[in-house]
Amino acid sequence: MILEVAILNVKQGMTSDFEGNFKTASEIISSMQGYIRHELRKCMEDKQKYILLVEWETLEDHTVGFRQSDEYQKWKALLHHFYDPFPVVEHYEKID
């Protein structure tokens, strides 16, 4: 299992629209091969900041299967215009 982590800084005054669009985008990502689960959390100290956590079966399920899909283009159209700066996405693996 791989954990995708992204800190999302949403432009001032756009959090409500972002949250609405994210509900639609959630349906897209949850339909993808290798998707396990995700959660979006809002920062308590900075109301413009969110953290997105997505669990994937493999790294390639995210980097190839999702990011190179038509569904990703829909995700991108729904969400990418909200971010400033554009988020860095990192992947983490579990250690024993």
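What covers the buried residues of helix H2? The points below start there.

1. The covering of the buried residues of H2 includes strand S1 (2–9), helix H1 (15–29), S3, helix H3 (70–79) and strand S4 (89–93). This is a predicted model, in which local features need pLDDT of at least 70 and side-chain atom pairs count only at pLDDT 80 or more, while totals for chains, interfaces and linings use all residues. Residues are numbered from 1 along each chain as its sequence is written, and side-chain values use heavy atoms, with hydrogens and water left out. Helices (H or I, at least four residues) and strands (E, at least two) are DSSP runs numbered from the N terminus.

2. In H2 (residues 59–66), Asp 61, His 62 and Phe 66 are the buried residues (under 20% relative accessible area, 1.4 Å probe, protein chains only; exposed is over 50%, partly exposed in between). Viewed down the axis of H2, they fall within an arc of 95 degrees, so they line one face of the helix. The arc is taken over directions from the helix axis to the C-beta atoms.

3. The open sheet has 4 strands in the order S2-S3-S1-S4, with antiparallel pairing (two strands pair if DSSP finds at least two bridges between them). S2 and S4 are at the edges with a single partner strand each, so one side of each has no neighbour in the sheet. On average, neighbouring strands are turned by 20 degrees against each other, direction ignored. H2 packs on this sheet and touches S1, S3 and S4, its direction making about 150 degrees with that of S4. Contact means heavy atoms within 4.5 Å.

4. Antiparallel S1 and S3 are joined by 8 bridges; Val 5 has Leu 53 of S3 as its bridge partner.

5. Gln 48 lies in the loop between S2 (35–42) and S3 (49–56). Its relative accessibility is 18%, so Gln 48 counts as buried. Beyond its neighbours within four places in sequence, Gln 48 is in contact with residues including Leu 8, Asn 9, Val 10 and Thr 15.

6. The axes of H1 and H3 come within 9 Å and cross at roughly 175 degrees (lines fitted to C-alpha atoms over the stretch in contact; angles run from 0 to 180 degrees between N-to-C directions). H1 is therefore roughly antiparallel to H3 (over 145 degrees). Among the residues making the contact are Phe 18 and Phe 22 of H1 and Trp 75 of H3.

Note on methods. Angles under 35 degrees count as roughly parallel, over 145 as roughly antiparallel, 65 to 115 as roughly perpendicular and the rest as oblique.
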